[in-house]
Amino acid sequence: MRYILLIYNDEKLIEGAKPEDWEALMVAHQQWSAEATERGMNPSGDALHPTAMSKTVRFANNQATLTTDGPFAETKEQLGGFYIINCETEEEALEMAAKLPTGTGSVEVRPVVEF
């Protein structure tokens, strides 16, 4: 089954990161991806631009009614990126989520619906 790992963190922490800290984080993500690949999980994913670059489209009665700047909800943590991995069990997906180099924040693990 495929699982999406949604990585949430405080954008302000990333904005203030030193170049060497940013490089270390990228190396850690590459190592995580290498392990997932070695385990046959076929990882794919991306980082996202800050929420200041996002727009939210709201709907009512199946019609787009309003477009606003930024995310729908104000939160302390923002969605910063994601991975999709193929795992045998939910426990395996949770194990890999726990290994993600996030420092702070959280990782939401959710099964992907197969149509």
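Is Ala47 buried or exposed? In this predicted model, Ala47 is exposed, with a relative accessible area of 66%. The residue sits in strand E2, which covers residues 44-47. Beyond its sequence neighbours up to four places away, Ala47 touches Gly80 and Gly81. Ile7 lies 40 residues from Ala47 in sequence. In space, the two C-alpha atoms are 9.0 Å apart.

The chain holds 3 helices and 6 strands. Their order along the sequence is β-α-α-β-β-β-β-α-β. The C-alpha trace spans about 45 × 40 × 20 Å along its principal axes. Among contacts with a separation of 6 or more, 75% join residues 24 or more positions apart. The accessible surface of the chain comes to about 8200 Å². Carbon and sulfur atoms account for 55% of that surface. Of the 115 residues in the chain, 23% are buried.

The largest nonpolar core contains 13 residues. Leu5, Trp32 and Ile85 have the most contacts inside this core. Four elements each supply at least two of the core residues: strand E1 (2-9), helix H2, strand E5 (78-86) and helix H3 (90-99). With neighbours within four places in sequence set aside, Ile85 contacts Met1, Arg2, Tyr3, Leu5, Trp32, Met41, Pro43, Ala93 and Met96. Two of these partners, Leu5 and Trp32, are themselves named with Ile85 as having the most contacts inside the core.

His29 belongs to helix H2, which runs over residues 19-38. Its relative accessible area is 14%. His29 therefore counts as buried, as this value falls under the 20% limit. Residues up to four places away not counted, His29 touches Ile7, Tyr83, Leu100 and Pro101.

Helix H1 (11-15) and helix H2 each supply at least two residues of the patch. Ile14 is found in helix H1. With a relative accessible area of 41%, Ile14 is partly exposed. This value lies between the 20% and 50% limits, so Ile14 is classed as neither buried nor exposed.

How values were computed: Residues are numbered from 1 along each chain as its sequence is written. This is a predicted model: local features need pLDDT of at least 70, side-chain atom pairs count only at pLDDT 80 or more; totals for chains, interfaces and linings use all residues. Side-chain values use heavy atoms; hydrogens and water are left out. Buried means under 20% relative accessible area, exposed over 50%, partly exposed in between (1.4 Å probe, protein chains only). Contact means heavy atoms within 4.5 Å. A nonpolar core is a set of buried Ala, Val, Leu, Ile, Met, Phe, Trp, Tyr and Cys residues joined through side-chain atoms within 4.5 Å. Accessible areas come from the Shrake-Rupley method with a 1.4 Å probe; for residues, only the protein chains shown count as cover.
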